[in-house]
Amino acid sequence: MSNEPSNESSNELARESVTVLGLGAMGTALAGAFLAAGHPTTVWNRTAAKAEPLVARGAVAAASPEAAVTASQLIVACVLDYDTLRSVLAGQEAALAGRTLVNLTSGSPEQAREMAEWAAGLGLAYLDGAIMITPPGIGGPDATVLYSGAPDVLTRHHATLAALGEPVELGPDAGVAGLYDAALLGLMWSALSGWLHGVALVGADGVRAADFTPVANRWLSGAVAGFISRYAAQTDARSYPGDDASLDIHLAAMEHLLHASHARGIDTTLPEVFAGHVRQAIDAGHGADSYARLIEVIEK
Ligand code: FVH
């Protein structure tokens with residue numbers, strides 16, 4: 001019998017160790033994904049009992065942040081906020097030097113840049129990240145994680161971090177992942193509230209959300225995604241030819257939506273917001289331009 005390791009055990013040997021700091025809903029999902037991908041995983045959480053289900057799956061529970069930090073070269077953190085992470089890492093500066101911290105805690109671009117500066121002072125490689133999915137989706141096909149910061153970190157740890165979701169690299173400025181996060185969440189809330197407005201509107205006439213939603217999703221992922229791509233080019237060029245649909249046409253359609261909503265007693269706050277933007281642009285003489293013209297209203 002050969003002494004050579006099988007392919008499977010060589011792969012096991014190749015999987016790097018990782019430490020996860022924070023076992024809330026998200027940290028637990030992250031640690032679970034690393035375990036599922038075969039990474040030796042050390043975990044630490046303020047409330048130690050949350051580590052137990054992961055230990056049952058093969059994780060090692062560290063008794064202190066210091067033990068967690070020294071267990072792996074790669075440390076992935078996901079706690080409440082940046083202040084919490086700084087408090088967890090306080091006193092670990094010597095242990096952190098020479099390691100890599102991937103911070104998937106949500107925060108502002110400014111907090112990320114400050115954290116990157118702090119890490120640079122310690123000789124700690126720092127990558128900031130933003131998770132664009134909820135915990136049950138981690139490791140699944142719709143999971144995307146945005147990263148920005150130390151350029152070589154994602155390259156070195158790509159295979160490990162890919163266990164969480166598709167890694168998207170956004171360059172060396174640690175603040176950019178958080179900036180995209182805020183922008184994309186704004187987009188998500190606009191879409192969700194727009195969809196709920198639609199559900200309320202059709203629901204008032206007896207249509208179920210389950211019947212409306214496939215039509216809404218087809219519209220969003222096809223035509224609306226296409227409008228966005230077209231208007232991205234116009235926005236960058238600061239030129240908004242209204243050759244597909246002018247703001248005058250949009251406002252007329254918005255008046256129909258407002259009328260239908262009023263007639264059914266539905267809250268009109270949301271359509272009033274975008275109708276307000278369109279009216280401002282039309283009042284400034286841009287009624288023949290495309291919807292992309294509103295960037296100049298929004299930017300002020
Ligand atoms: N859940 C989600 O869908 C979103 C998706 C996008 C990214 N966010 C961000 O992820 C961070 C953690 O979110 P979470 O959902 O895991 O939150 P919780 O389940 O509430 O867990 C919070 C963890 O933070 C620990 N923690 C809180 N305060 C302290 C402290 N003073 N010292 C040490 N640890 C602390 C908490 O520990 P414990 O309460 O279990 O002892 C949890 O581990 C967050 O930035 C989201 O915005 C999630």
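Ala, Val, Leu, Ile, Met, Phe, Trp, Tyr, Cys and Pro count as nonpolar, Asp, Glu, Lys and Arg as charged, and the others, Gly among them, as polar. The legends below describe a predicted model.

**View 1. Lining of the largest cavity.** Three nonpolar, five polar and two charged residues make up the lining of the largest cavity. These lining residues are Y82, T105, S106, G107, D128, G129, A130, A177, G178 and D181. Strand 6 (125–131) and helix 9 (176–204) are the elements that contribute two or more residues to this lining. The space in the largest cavity amounts to about 30 Å³. A search of the whole structure returns one cavity of 30 Å³ or more.

**View 2. Residues around the ligand.** The shell around the ligand consists of 20 residues, of which M26, N45, R46, T47 and K50 come nearest. By class, the shell comprises 10 nonpolar, eight polar and two charged residues.

View 3. A backbone N or O atom of L23 is placed 3.2 Å from an oxygen atom of the ligand. For A25, the distance from a backbone N or O atom to a ligand oxygen atom is 2.9 Å. A separation of 2.9 Å is likewise computed between a backbone N or O atom of L80 and an oxygen atom of the ligand. On its own, the ligand has 900 Å² of accessible area, and the protein covers 72% of it. Helix 2 (25–36) and helix 5 (82–89) are the elements that supply two or more residues to the shell around the ligand.

View 4. An open sheet is formed by eight strands in the order 3-2-1-4-5-6-7-8, with mixed pairing. Strand 3 (60–61) and strand 8 (166–169) each have a single partner strand and stand at the edges, so one side of each is left without a neighbour in the sheet.

**View 5. Pairing of strands 7 and 8.** Four bridges join strand 7 (residues 144–149) to strand 8 in the parallel sense. L146 has V168, in strand 8, as its bridge partner.

Technical notes
Residues numbered from 1 in each chain as written. Predicted model: local features only at pLDDT ≥ 70, side-chain atom pairs only at ≥ 80, totals over all residues. Heavy atoms only, no water. Near = heavy atom within 4 Å. Polar contact = N/O pair within 3.5 Å; in protein donor to acceptor, adjacent residues only side chain to side chain. Areas by Shrake-Rupley, 256 points an atom, 1.4 Å probe, with all protein chains shown as cover. 1 Å grid on protein atoms, 1.4 Å probe; cavity = no way out; pocket = protein on both sides within 12 Å on 5 of 7 lines; lining within 4 Å. Points joined across faces, edges and corners; volume = space filled by probe spheres on them. Pairing = 2+ DSSP bridges.
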